[in-house]
Amino acid sequence: MKDSINILNIIRGTTVDGPGFRTSIYFAGCRHKCKGCHNPESWAFSAGTPYTIEELMQVIEEEDFDVTLSGGDPLYHPDVVKTLIAEINSLNHNVWIYTGYRWEEIILNPTLIDAVREADVIVDSPFIMNLRDTDLLFRGSSNQRIIDVRKTLALGEIVLWERS
């Protein structure tokens with residue numbers, strides 16, 4: 001399929017990958033390979049089903065929920081992520097991204113920061129099994145941060161997302 005990306009799964013109406021009902025899109029491909037990962041089948045870049053951005057947008061438009069990009073790690077596909085976020089933003093949905101990259105790595109990489117600058121929230125950092133905490137909101141281990149992307153970029157320092 002031309003200009004497609006492998007997607008492991010699309011979950012419609014989930015409430016665990018961010019606030020409210022969401023469409024969660026799980027990208028195939030991850031090199032972080034965190035011990036204890038809840039989705040190790042997503043590590044293979046060849047896993048899943050090919051989707052074009054247009055096909056993903058059809059699902060997002062049908063469901064009309066906010067969107068979470070997860071995986072695998074969506075940031076192994078920065079060009080697709082950037083384009084997809086722009087399309088999602090045109091529908092006035094918010095976008096969360098789960099990534100094993102730390103924010104400090106993202107801002108040093110022009111391709112990654114360009115891909116995420118229009119996202120609303122990033123849940124950053126690899127999952128660390130010995131820091132696992134099932135009581136945490138929207139994350140698996142205590143090293144992971146829920147970062148308000150736009151406020152962080154505007155202030156030049158990490159601003160954590162707060163539930164309103």
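Predicted model: local features only at pLDDT ≥ 70, side-chain atom pairs only at ≥ 80, totals over all residues.
Asn-9 sits in strand β1, which covers residues 4–14. Is Asn-9 buried, exposed or partly exposed? Its relative accessible area is 38%, so Asn-9 counts as partly exposed.

Which residues does Asn-9 touch, once its neighbours within four places in sequence are set aside? Asn-9 is in contact with Ser-24, Ile-25 and Tyr-26. Asp-66 is another residue to look for: Asn-9 and Asp-66 are 57 residues apart in sequence, and their C-alpha atoms are 16 Å apart in space.

## The overall fold

Stepping back, the protein chain holds 5 helices and 7 strands. Read from the N terminus, their order is β-β-β-α-β-α-β-α-α-β-β-α. The radius of gyration of the protein chain is 15 Å, close to the 15 Å that the globule rule gives for 164 residues, so the chain is as compact as a globular protein of that length. Along its principal axes, the C-alpha trace spans about 40 × 35 × 30 Å.

Of the 164 residues, 48% count as buried. Among contacts with a separation of 6 or more, 63% come from residues 24 or more positions apart.

## Surface and charge

The protein chain exposes about 8,500 Å², and carbon and sulfur atoms supply 49% of that area. As for charge, there are 15 positive and 24 negative side chains, and the centres of these two sets lie 6 Å apart.

## Aromatic pairs

How many aromatic pairs are there? The count comes to 6. In one of them, the rings of Phe-45 and Tyr-76 have centres 5.8 Å apart and planes at 85°; an angle over 60 degrees counts as edge-to-face, so this pair is edge-to-face. Phe-45 lies in the loop between β2 (22–27) and β3 (49–52), while Tyr-76 lies in the loop between β4 (66–71) and α2 (78–89), so the pair ties together parts that are 31 residues apart in sequence. With 29% relative accessibility, Phe-45 counts as partly exposed. Phe-45 and Tyr-76 also belong to one aromatic cluster with Tyr-101.

Trp-96 and Trp-161 form another pair: their ring centres are 5.0 Å apart and their planes stand at 75°, so this pair is edge-to-face. Trp-96 lies in strand β5 (residues 95–98) and Trp-161 in the segment after α5 (149–155), so the pair ties together parts that are 65 residues apart in sequence. Are these two residues buried or exposed? Trp-96 is buried, with a relative accessible area of 1%, and Trp-161 counts as buried at 18% relative accessibility.

Notes: Residues numbered from 1 in each chain as written. Heavy atoms only, no water. Helix = DSSP H or I, 4+ residues; strand = E, 2+ residues; numbered from the N terminus. Rg over C-alpha atoms; globule rule 2.2 N^0.38 Å. Buried < 20%, exposed > 50% of the residue type's maximum accessible area, 1.4 Å probe, protein only. Contact = heavy atoms within 4.5 Å. Areas by Shrake-Rupley, 256 points an atom, 1.4 Å probe, with all protein chains shown as cover. Lys, Arg positive; Asp, Glu negative; His and termini not counted. Charge placed at Lys NZ, Arg CZ, Asp CG, Glu CD. Phe/Tyr/Trp six-rings, centres within 6.5 Å; stacked < 30°, edge-to-face > 60°.
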